[in-house]
Amino acid sequence: MLTKRIIPCLDIRDGETVKGVNFVNIRSAGDPVALGKAYAEQGADELVFLDITATVEERSTFVELVKDIALNVNIPFTVGGGVSTEKHVSSLLDAGADKITINSAAVKEPGLIDRLAKNFGSQCVVLAIDTKYADFEWTVYVHGGRKPTGINTMKWAKEAVDRGAGEILLTSMNHDGTKNGFALDITSTLSEALPIPVIASGGAGTCDHFVDVFTKGKADAALAASIFHFGEIPIPTLKQYLHEHNITVRL
Amino acid sequence: MKIAIIKYNAGNIHSVRLALQREGIEPLVTDDPDQIQNADKVIFPGVGEASTAMDYLKQNGLDQIITNLTQPFLGICLGLQLMCAHSEENDTECLGIFDNQIKKFPPKDKVPHMGWNTISNLSNGLFKGIKNGSYVYFVHSFYAELSETMIAQTEYILPYASALQKDNYYAVQFHPEKSGKVGAQILRNFLDL
């Protein structure tokens, strides 16, 4: 049976992980390659590396880092952060990334999704959606959640699927950083309506939150950062817990 | 040991090369017939669309080369599908090493089949040391029907052949290069054949 996936997310700035990472047995806590390897060995199902740098010079540092990750990590990994052109995508995939995420650039120019799907295949095009619930509606935000678009989240997700997106990475801004659980309603609404996998993100604080997002939230995968980085919930502990709650995971 | 990875217009060639480098082997990525024929083992990876890939293989004479090799040969993902008789993906005649038909998953669940799933009914040296029910990583929308040449089975929407073998030809639908320790063991087993 196809498993639910657990995905740690690492924010990268100038070749180093940004948030302090509290990990046993890692000498350089800021080294994304060492962290990625450690997560893979602990049983992470995929990894996401987000480049949060702004300048062009730092972007090329990130491409070099992707090469190093690809050589050392033996599970699939996705990269993203400011991806806006086919050339940029091509350089990341050539460096060895399995998938890329696009966000603001796709909202600005939806045809980008079509072109990426056609040129590189839907399987590597992950559409990241930052969404917020306000005034009785879930809508899409861009530029790191700073700018509202007014676009209905379900409408955008469906359009993205029609254009060739292969997965949706859904982050609820209402929940992100709260550690009070994932946004179960919008996640299940999207996951049941769409013919592609939905990765839930934002709000993970306990093992039960993951149980909820896979059962009530119908998510195909769940992404989290700080609870893994700070060792609050080790991945083997989480997966064992999910297994005991009848959720299919790779142990 | 000389390992050739067949270079053609499909993705994931780099990730297979990197997986071999992790095993201490520097493979040759090539579309040169002599280099492919003289390799000790040949790997035929691929992520992409069947008809475009077949057109490319034919235009470059690689279809004849591939079907006449005698050394151990491993197709991965699209590689497996191209080694079968026919694919429903754009109604493509394939290499015909295996008699299997490649069909599209019925849309009863999310397609592509993406993520970690089990392999069972393992019955070949390629899976030496691998337990039935081990997890490997899949990304595909088309599948090979069950057959006598099947050496591993997986269930998604329906049961299908996730690995095939006939004579020197081996093929896996999943990605050993992305399947953690299990995948690395399968690649090592192939290198040891």
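The crossing of helices H3(A) and H5(A) is right-handed, in what is a predicted model. Helix H3 covers residues 86-94 of chain A, and helix H5 covers residues 111-120 of chain A. Their axes come within 11 Å and cross at roughly 40°. On the H3(A) side, the contact is made by Glu86(A), Val89(A) and Leu93(A). H5(A) contributes Arg115(A), Leu116(A), Asn119(A) and Phe120(A). By class, the residues of this contact comprise 4 nonpolar, 1 polar and 2 charged.

I turn now to helix H10 of chain A, residues 235-244. Which of its residues are buried? They are Ile235(A), Leu238(A), Lys239(A) and Leu242(A). These residues lie on the same side of H10(A), because the arc they cover around the axis is only 95°. As a general point, an α-helix has 3.6 residues a turn, so residues three or four places apart point the same way.

What covers the buried residues of H10(A)? The covering elements of chain A include strand S1 (5-13), helix H1 (32-42), helix H8 (207-215) and helix H9 (226-229). On the face turned away from the buried side, H10(A) carries the exposed residues Pro236(A), Thr237(A) and Glu244(A). Following H10(A) is Asn246(A), which has a positive phi, near 60°.

Finally, I come to the contact between the chains. Chain A supplies 20 residues to this contact, and chain B supplies 27 residues. The side of chain A that touches chain B consists of 10 nonpolar, 5 polar and 5 charged residues.

Conventions: Residues are numbered from 1 along each chain as its sequence is written. Chains are lettered from A and ligands numbered from 1 in the order in which they are written. This is a predicted model: local features need pLDDT of at least 70, side-chain atom pairs count only at pLDDT 80 or more; totals for chains, interfaces and linings use all residues. Axes are lines fitted to C-alpha atoms, for helices over the stretch in contact, and angles run from 0 to 180 degrees between N-to-C directions. Helices (H or I, at least four residues) and strands (E, at least two) are DSSP runs, numbered from the N terminus. A crossing is left-handed if the near helix is turned anticlockwise from the far one by less than a right angle, and right-handed if clockwise. Two residues are in contact if their C-beta atoms, placed from the backbone, lie within 7 Å. Ala, Val, Leu, Ile, Met, Phe, Trp, Tyr, Cys and Pro count as nonpolar, Asp, Glu, Lys and Arg as charged, and the others, Gly among them, as polar. A residue is buried if 20 or more other C-beta atoms lie within 10 Å of its own, exposed if 12 or fewer, and partly exposed in between; C-beta atoms are placed from the backbone. The arc is that of the directions from the helix axis to the C-beta atoms.
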